[in-house]
Amino acid sequence: MSIYLDNAATTCVCPEAAEAAVNAMRTVYGNPSSGHAAGREAKRLLDASRETVAAALGCTAREVYFTSCGTESDNWALVRGAERASHVGRHIISSAAEHEAVLKPLEYLAAHGFEVTLLKPRADGAIAPEDVAAALRADTCLVSLMMVNNETGAVTDIAAVAAALKAVGSKALLHTDAVQGFLHVPFAAAKLGADLISVSGHKIHAPKGVGALYISQGVRLNSYLMGGGQESGLRSGTEAMPQIAAFAAAVKAAQGSAEADLGRVARLRQAAAERLCAENPDVVIIGGGAPHILCFSLPGYRSEVIMNVLESKGIFVSKGSACKKGRRSHVLEAMGLPARVIDGAVRVSLSRFTTESDMDALCSAVGEARRTVRAALR
């Protein structure tokens, strides 16, 4: 039986989400824009799903716009956000530790006349609000910072960043990629202070192919997809009701025991980190803060080799973002870590379904892998 510990890459679909998707495909399958009874039934399901996701985000339903994924939400927020705020100026602040879904749109914007400042993360992997404040200019139109880093689990204090912007009267829009933060670290959009928040379904046990963008009331972004006028005219295209219904069902299922689950996951992570350090004197714990991500390194060992040994025992982890495709982590490089530490880094990511025995098996397997590889190198 396999042990899946790569939940920051994607999660298994929970039973509630799978059932909701099947119901939307087989029973409530009408087009929400259709005027007949089947369409109206689908529209009610769409509205109820939006209300559920909005409640979890801590905002109103009219501030939630469904997308196909976190990447689309990031692209929409950055490109259209920069365009909308360009009257303020053409300077953007982000960080060198962002996901490619943010960095690539920033490259696009830089090629179209915007100036981008990429802040360096602190030793723990987070971005300091005071560094954001120091980088702010009168022509800063957009700030985009990840809430929880997908490789290290470092948590950036977005509320403090919002307060820093407000303190100096900045007119910049504030966006946060909360794909790894949603339902993993507590926040409410209404109190966070961000204008734009990206989230994704498949990180919380919904299927792939659905996400959402929170757009604060008062922020008017231009449409991202043009056509039939769905999503209040901002994202056209028939709504993907099976995915949307499943997203809402996954949210509702997670909220049922959220506080207890997050506490248990945090304890499992902490216990694993302590055991790894106790049994492997050379191990380095990297970053941290979020309860569900544990990044560690065995300097001098290759992460691919450690991963292969773990996989041979049915344990699935990763060396960082699933989008890396073999490249060295830009996140760990931005943190200034030595090459030996970066090359030996392994990311373990938990979900509410992760058990104590899963983590015990991981720790035992890491120790065995270390000993096996060390013996082979002699």
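α2 and α8 are oblique to each other, since angles under 35 degrees count as roughly parallel, over 145 as roughly antiparallel, 65 to 115 as roughly perpendicular and the rest as oblique. The model is predicted, so local features need pLDDT of at least 70 and side-chain atom pairs pLDDT 80 or more, while totals for chains, interfaces and linings use all residues. Residues are numbered from 1 along each chain as its sequence is written, and side-chain values use heavy atoms, with hydrogens and water left out.

**Exercise 1.** Work out how α2 packs with α8: what are the angle and the axis separation?

*Solution.* Start with the geometry: the packing angle is about 40 degrees and the axes lie 9 Å apart. (Axes are lines fitted to C-alpha atoms, for helices over the stretch in contact, and angles run from 0 to 180 degrees between N-to-C directions.) Next, the hand: α2 passes α8 in a left-handed crossing, meaning the near helix is turned anticlockwise from the far one by less than a right angle.

Now list who meets whom, with contact meaning heavy atoms within 4.5 Å. From α2 come Ala42, Leu45, Leu46, Ser49, Thr52, Val53 and Ala56; across from them in α8 sit Met241, Ile244, Ala245, Phe247, Ala248, Val251, Lys252 and Gln255. Sorted by class, that contact has 11 nonpolar, 3 polar and 1 charged residues. (Ala, Val, Leu, Ile, Met, Phe, Trp, Tyr, Cys and Pro count as nonpolar, Asp, Glu, Lys and Arg as charged, the others, Gly among them, as polar.) As for spacing, an α-helix has 3.6 residues a turn, so residues three or four places apart point the same way.

**Exercise 2.** Is histidine 184 buried or exposed, and which residues does histidine 184 touch?

*Solution.* First find histidine 184: look in the loop between β6 and α7. Its relative accessibility is 12%, so histidine 184 counts as buried (under 20% relative accessible area; exposed is over 50%, partly exposed in between, with a 1.4 Å probe and protein chains only). Lastly, leaving out residues up to four places away in sequence, histidine 184 touches Lys203, Ile204, Leu262, Pro291 and His292.

How values were computed: Helices (H or I, at least four residues) and strands (E, at least two) are DSSP runs, numbered from the N terminus.
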